[in-house]
Amino acid sequence: MIKALAIDIDGTITFHDRQLDTEAVTAIRRAEEANLPVVLATGNILCFAETVSVLLGTSGPLIAEDGGVVYDNSSNQEHILGGVEEVDEGIKIIEEELSVVKHTRSSDMRRTGRTFERTFDPSDATKIFQREGLNLVAIDSGFAIHVKNPEVNKGVALQKAATLLKIKTFNIAAIGDAQNDIEMLEAAGVGFALDNSHPDIKKTADHVLSQSHGAGVKTAVERIIQSKE
């Protein structure tokens, strides 16, 4: 039985210009009213996730920095699941070899990874990391390029969130659109991809919806609530 939802933010409950889709807002509030706590899961920093959570009225733990940080609303405790030492070592190398590397505004605020503007091919950076023997990957979220340890991901963070909720990951339904959501959908009991989702997410998901953004979130939430009745 599904007892909670894990929902990505950018591209899932927002349009590509990052404006909130009001259909997603309504769906999330409907889920909370149906006693389905919503876990917001983002590649962005924790203060961003906290702000969105307050505005939407979600009650579940927060997953930030691609799973590097999990915040427990009930205890106000942060759980840090990674670090930046090896990441910063790798960044120095790609800054020397890739001339178009430019940090995002929030990059230096991160505790488990770094983010960059989409001015280079992330596969080029990943190849450099592999050549140097660094356990790092570069992933394009559709909004920024994220450099992190591959063991830092939303799937591992979802396990922590489930523990905080005192449920299992198979009791959680996940909704996402980008490559950094893959592990979350794999860890969840059921995964939903949207029509606007990356092809790799659609391959991973249990259900691929015909609607995009908030309309897709609304459909997923309605299906989950109906399955409980």
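Modeller: Terms first. On a 1 Å grid over the protein atoms alone, a cavity is a set of points where a 1.4 Å probe fits but cannot get out, while a pocket is an open set with protein on both sides within 12 Å along at least five of seven lines; lining residues have an atom within 4 Å of a point. Points are joined across faces, edges and corners, and volume is the space filled by probe spheres set on them.
Modeller: This is a predicted model, so local features need pLDDT of at least 70, side-chain atom pairs count only at pLDDT 80 or more, and totals for chains, interfaces and linings use all residues. Residues are numbered from 1 along each chain as its sequence is written, and side-chain values use heavy atoms, without hydrogens and water.

Colleague: How many cavities of 30 Å³ or more are there?
Modeller: The whole structure has 1. The volume of the largest cavity is about 40 Å³. Its lining includes Glu65, Asp66, Arg110, His146 and Val152.

Colleague: And what volume does the largest pocket have?
Modeller: About 310 Å³. Of its 21 lining residues, Asp10, Arg18, Asn44, Arg110 and Phe143 are closest to the centre.

Colleague: How does that lining split by class?
Modeller: There are 5 nonpolar, 9 polar and 7 charged residues. Ala, Val, Leu, Ile, Met, Phe, Trp, Tyr, Cys and Pro count as nonpolar, Asp, Glu, Lys and Arg as charged, and the others, Gly among them, as polar.

Colleague: Which domains supply the pocket lining?
Modeller: Domain 1 and domain 2 each give at least three residues. Domain 1 is 4-80 + 152-227 and domain 2 is 84-148. The bounds come from an automatic or database assignment.

Colleague: Which residues form the salt bridge?
Modeller: Arginine 111 and glutamate 78, with the closest N and O atoms 2.6 Å apart. The criterion is a side-chain nitrogen of Lys or Arg within 4 Å of a carboxyl oxygen of Asp or Glu. The count between the domains is 1.
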